[in-house]
Amino acid sequence: MRTWRGRFATGGLPALADRKRSGRLASFTTLQVAEVKALACELPAESGTPRS
């Protein structure tokens, strides 16, 4: 909590936004993620493809 209060005191509300983090880059593009979510929300009968 002390860290967050200190950030707010020095930078205001914008200072509370997430900072960059180390780690692996995303494996999928935003478009690919959207396509998979759309497919997952479809009924199997609409697409005509099996889900297994």
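The following legends describe views of a predicted model of the protein.

**Figure 1. Overall fold of the predicted model.** The protein contains three helices and zero strands, and its elements follow the pattern α-α-α along the sequence. Its radius of gyration is 20 Å, well over the 10 Å that the globule rule gives for 52 residues, so the protein is more spread out than a compact globule. The C-alpha trace spans about 55 × 20 × 20 Å along the principal axes.

**Figure 2. Solvent-accessible surface of the protein.** Of the 52 residues, 2% are buried.

Figure 3. The protein carries 9 positive and 4 negative side chains. A distance of 23 Å separates the centres of these two sets.

**Figure 4. Helix α1 and the residue that follows.** Helix α1 comprises residues 2–11 and is hardly covered. Among its ten residues, the count of buried residues is one. Gly-12 follows α1 and has a positive phi, near 75°.

**Figure 5. Contact between Arg-7 and Trp-4.** The charged end of Arg-7 is placed over the ring of Trp-4, at 4.7 Å from the ring centre. An α-helix has 3.6 residues a turn, so residues three or four places apart point the same way. Both Trp-4 and Arg-7 fall within the range of helix α1, residues 2–11. As for pairs between aromatic rings, the count in the protein is zero under a rule that requires ring centres within 6.5 Å.

Conventions: Residues numbered from 1 in each chain as written. Predicted model: local features only at pLDDT ≥ 70, side-chain atom pairs only at ≥ 80, totals over all residues. Heavy atoms only, no water. Helix = DSSP H or I, 4+ residues; strand = E, 2+ residues; numbered from the N terminus. Rg over C-alpha atoms; globule rule 2.2 N^0.38 Å. Buried < 20%, exposed > 50% of the residue type's maximum accessible area, 1.4 Å probe, protein only. Lys, Arg positive; Asp, Glu negative; His and termini not counted. Charge placed at Lys NZ, Arg CZ, Asp CG, Glu CD. Phe/Tyr/Trp six-rings, centres within 6.5 Å; stacked < 30°, edge-to-face > 60°. Lys NZ or Arg CZ within 6 Å of the ring centre and 35° of its normal.
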